[in-house]
Every structure is written in C-alpha cells, then in structure tokens.
Amino acid sequence: MNRRVRRKTLQAKGNVTEAVTKGPVNEVEAVVCLAKEEREVDWSSLPDDTVVALFSLLNYRDRASLASVCRTWRFLGSLSCLWTSLDIRAHNLDSTTASSLAKRCSKLRSIRFRGASAGNVVINLEAKELREMNADGCRDLTDASLSMLAARHQRLESLQLGPDFCEKITSDAIRVVALCCPRLKRLRLSGLRDVDGVAIGALVEHCRDLSELGFFDCMNVDETALGNAASLRFLSVAGSRNIKWTAASQLWVSLPNLVALDVSRTDVTPDAAFRLLFSESLKVLCALNCGSLDAGVFLAYNSKTKVLLARFTDIVKGIATLSQDSHSAPNLSGMKRINHYNNTSNNNSKISNVRNSRIGDNKSSEVKEWLEWVLSHALLRIAESSTPGLDSFWLKQGTPILLNLLGSLQEDVQERAATALATFVVIDDETATVDPARAEAVMHGGGIGFLLDLAKSRREGVQSEAAKAIANLSVNADVAKAVAMEGGISILAALARSPNRWVAEEAAGGLWNLSVGEEHKGAIAEAGGIRALVDLVFKWPSGGEGVLERAAGALANLAADDKCSMEVAMAGGVHALVMLARFNKHEGVQEQAARALANLAAHGDSNGNNAAVGQEVGALEALVHLTGSHHEGVRFEDMGLAFH
C-alpha cells in the first residue's frame, strides 16, 4: 500500500559536476572522526551513571552491541531501566532469543512488533509490567494468539493493531481482552469483519477507565452498544461501513464525556453530523473525505467552541480556534526550523500559526495527541486511495498539516505523516510519476529539512519512512537539488549502512533517484555512497530483493559516469553485480544488475572496466542466463551488456 518510486533511467555518459554543497556529517560518523583525532581514552574509567546515560541515548541494537565490550558494560547495558520500550518490527526473533531477553524486560512498558509470528514470540519476553502494545502487519493474527497476549499482559492500558486489516480477529477475542485487561484505557483495531454488541458491552463493563475506542475500516460495528460507553472521551469509526447513522447520532450525542469523534471516510449523513455537533460535550468532529458532506450544507454552521474538520473547512484555522480555549483541543505540535526555501505564502503562515500556539492543560494535551493520530491516519488512507479531485485540498491543507505532524512527539504519527508525504506525491506508480506541484509544496513548506532531521533520528521506524519520503520527492529535479543542498546525500549514504534492512532499502532508493542527476553523482561518491551500495549486495545476497534492486539501480546510474564507474569497480561492484545477475531470481534485480554491468562495460578504452567485466568469473554464464529471461527489460539490458 505504501508507494516507493523507482528510477530506472539515465544510462548516458558525461562529465559530472562534482561541486555540490556538502551537508552535515552523520552524527555517528562525526563521533568516530572525533575519536580518531583525540588521544586514546580509558573508557573503563567512566562513572557507571555516565555509562548508563550514554546507553540511554542509543537504540536497543547499538546498546546490545556496546554491552559486549566488557563485563561491566554488559551488566550496565542489561539494567531494566534501559529496557522500558522495545521495537522489534525489523527483526525475526525466535523463542530462544526472546527468552534470553526476558531478564532485561522485567520493566518493559511499551513494545512494537510486526506480524502474527512476532506476537507469539512476545509472550516469551515475560514482560508482565507491559502497558502498551502496538502491532502492525497482523493479518494472520488469530483470536487464540490475541487472547494469549491479553492473558499474559493483564496490565495493558493501550492496545493497537493496525493499520493492516486484522481479518482473523473476531468479537470473541475482544471479549477476552476486556476480561483479561481491566486497566485498558485505549483500544484501536483495524479491519475487523464484525464488532458486535456483546464485545463492546464487555469492554464497557470490565474496562471502567476506557477513554478511547477506535474501530477503523471495520465491516460492521454495533452503534447501539457504543451508545452505552459512558466513559469514552475519544471515539473513531473512520472507514467503517454499515453504520446506521440516524440511530448512532441519537445515541452518541448523549455520551457525557465524549470530546472528540472521528467519522472520516464514512457515509455519515448531513443530519447525523449536525446532530453530533450539537452534543453538549463534543468539541471536535473529524469528517475528512466523507462523500455525503459538502460545503453548501454547512454554510450556516458557526461555532466558537466546536470545530468540524472536513475537506471543505479550514482545518488549520479550526485547530487554531480550539487552541484559544484552554479547556478544549489545542494545536498540532511542530518543530522550529529555519526554512531556506520558504517563499512567504498562506500555507507557510498556517504552519507557523499552528506551531506557535500553546497547550492549556493535560486534557487539552490528550485531545492534541488524539487529533494528531486520527489526522495522520486519515490523510494516509486518503493518499493511498488516490481519490481524484483532491489537488486543491492537498496543496492548501493536506501538505501543511502533514508537515506539522512530522513534528509530533508521537513516533507512530511521525512515521505515518512521512509515509503519507511519500504516497500523496506519487500520481502514477507504473511510470514513477510525481506531481510537481505537490512535491514543490512540500519543499517550499520546509519539508525537506524536517524529513532529513527525522532521517537522522535514532528511531529506525522513523528513519525508514523519512528516507522513503525523501526518495519519492527526489524524483522532482528541483527537490533533488534541495535535498543535496541540505546535506541529504551524506545522510542517505549513512543510512544505507544501517543494519536495519528496511532503513537501508529506503536509503538506497533515495540514492537511486538522486543518482539520476548528473550533478549529484560526484557527491554520492564523495559521501561513500558507492561503497555503501556495493556492501548492501554482500550484506543481503538473498531474501532482500527490495534493497538489492535499489542498490543495483543506483549503481547502474552511477556506472554511467566515467569516474564513478571506476569507483564502482574498485569497491568490488563488478563481482557483486555479476553475482546478482547469476544467482538472484528476482526480475527487477536482474534487470538493474544487467544495466549496471552494461554501463560499466560501455566506457570502452577510457578505463579498464570493460575488461574487468569480461574477466570476472561467471560473467559469461550470467550473460547467457539472462538472455533466456522471460522479462523483456532483463533481455534488453542483457543485449546492451553483450553489445559492449
């Protein structure tokens, strides 16, 4: 569902403009360089509390590596106070590994994982103090697995499964969650076929502190049972179908504590929306992309204490209006940053207005967090749907809102906002076409700087989505120049060395798109990008077709330049590409490997790469093998290699 733009063009040779503005060196590289310049340091003399403080600045992967330095650091690195949160989405943990981590996880409070198999492994962590569980990719998660997770983690306060549809979860599992987790305050589930009244009733009866429910993209939700959830402050049924809106609005309007309601992407009727807006407690009604609502129906509606957020309303202004009331929902949070590409415009003033407002109290902070979450979710879903006729909305409202959401304090909101930016700029996946107006709106709004800041984060999930957005935006030549000027090439080259395959894959995609521009090739080589791309081939020789295709594609573009082609060869690129052409079965990988080899061999007598390709062991076998491919692109590139 998430779009990645892949560039497969540019085989022409030519001189490279090597002088591009160099960006800031990656933080880790800066530390390494500094360490080389300084005298030897006796790290064992550091006080324990200083070492623990240093450990706390690292992600858990680097923390575990550093703990292997000595016995003392092993002990300090295993302290439970350092293991209060864990993100294992990028790892395939087995039960043995999970059991070995159990001693460190006695005080684990928050965990994020991907896939049903990971859910089964989480049980072996024995994290009985767990408060928050966030999972995606759970299409295969069953009632039995979810019930076991709930039974083993009875102190859960927040459970989130999505945005992928949980098609195998039924109301039976929801009832078990209600019985096992009486402290539950937040429940967000996506893509269930049916949420019946008995399940909702169990939540109301057993989870007395339940303040937020979210049933996203569900086939059926019992609206009558939701009318009995008196403790709810936040409710979302975004994307859910078959809701009887007349009955729902009559019941929900009486919920005494309901402050915010999300009905985005539903068929809510104008009458029901009007009735809900006149609820005594309701402050915010989010109704993005609801086809039955239009501006004409709500022209007469005007309220200083309630806000309707829809495509035809000024969303940013509405949020700013709410922030003026200390007892109501406030602003979206944002990062302060100088924007070198900011030509004064209405969109940019909207961003500044929202960021400069302040939060009144704790309740307002809760509403802000909820509003950020539902807006990021709704905008991503709308971007994925490619709904026509939204150009004006994206340019005037969608872009400023997404840029603000990049500055959220919630990691999953930042990830979703970056993914939405990567998605909404793409108007044709097949031809890798990016809408120039949308891409430049992100650039002029300061989005390149925000995304590069996130790419330097130590949180790998945020790194991956930020790199994906940068990669897609870089298809636009003007945006690519902005990325280079802001130091994006060195950042992407550093991310390409990440041990996290998803991060490395998106970074390689960014280098692939940037390498289309002749003026960027020298900078990629200077930043160590060629070595990083070649290393990726050896790091994931199989099972990582996405990262291999992107790495080979970037090397193919770089190999079209005479100087860069020599660096590719010196870095071991010929052997790596021949290996891909011979043994990898993925057609996209084969095509890019053949194109890269053809470009390397195309320089004739200008360098020795032609001979190097011919002399590489297995090159002839690869040539013959690719000739028989069923994929036209593979055969075409193979013919180019044979010609040279």
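**View 1. The buried residues of helix H25 and their cover.** Helix H25 spans residues 529-539, and its buried residues are Gly529, Ile530, Ala532, Leu533, Val534, Leu536 and Val537. Buried means under 20% relative accessible area, exposed means over 50%, and partly exposed lies in between (1.4 Å probe, protein chains only). Helices here are DSSP runs of H or I with at least four residues, strands are runs of E with at least two, and both are numbered from the N terminus. The cover over the buried residues of H25 includes helices H22 (488-495), H23 (501-514) and H24 (518-526). It also includes H26 (545-559), H27 (562-570) and H28. This is a predicted model, where local features need pLDDT of at least 70, side-chain atom pairs count only at pLDDT 80 or more, and totals for chains, interfaces and linings use all residues. Residues are numbered from 1 along each chain as its sequence is written, and side-chain values use heavy atoms, with hydrogens and water left out.

**View 2. Helix H28 against helix H29.** H28 covers residues 573-583 and H29 covers residues 587-601. Their axes come within 8 Å and cross at roughly 140 degrees. That makes H28 oblique to H29. Angles under 35 degrees count as roughly parallel, over 145 as roughly antiparallel, 65 to 115 as roughly perpendicular, and the rest as oblique. Axes are lines fitted to C-alpha atoms, for helices over the stretch in contact, and angles run from 0 to 180 degrees between N-to-C directions. From H28 come Val574, Leu577, Val578, Leu580 and Ala581; they meet Val589, Ala593, Ala596, Leu597 and Leu600 of H29. By class, this contact has 10 nonpolar, no polar and no charged residues. Contact means heavy atoms within 4.5 Å.

**View 3. Helix H17 beside helix H20.** H17 (residues 411-424) and H20 (residues 460-473) pack at about 15 degrees, with axes 8 Å apart. The two helices are therefore roughly parallel to each other. H17 contributes Glu411, Gln414, Glu415, Ala418, Thr419, Leu421 and Ala422. H20 contributes Gly461, Val462, Glu465, Ala466, Lys468, Ala469 and Asn472. The contact has 6 nonpolar, 4 polar and 4 charged residues. Nonpolar covers Ala, Val, Leu, Ile, Met, Phe, Trp, Tyr, Cys and Pro; charged covers Asp, Glu, Lys and Arg; the others, Gly among them, are polar.

View 4. A cis peptide bond joins Gly162 and Pro163, with omega about 10 degrees. Pro163 lies in the loop between strand E4 (158-161) and helix H8 (171-180). Glu126 has a positive phi, near 55 degrees, and is not a glycine. Its loop runs between helix H6 (116-122) and strand E3 (132-136). Glu126 counts as exposed because its relative accessibility is 55%. Asp217 also has a positive phi, of about 55 degrees. Asp217 sits in the loop between strands E7 (212-216) and E8 (220-221). At 10% relative accessibility, Asp217 counts as buried.

**View 5. Confidence along the chain.** The mean pLDDT of the protein is 82, and 79% of its residues reach 70 or more. pLDDT is the predictor's confidence in each residue, from 0 to 100. Over residues 628-644 the pLDDT is below 50. Residues 351-360 also stay under 50. Where pLDDT is low, the predicted coordinates should not be read in detail.
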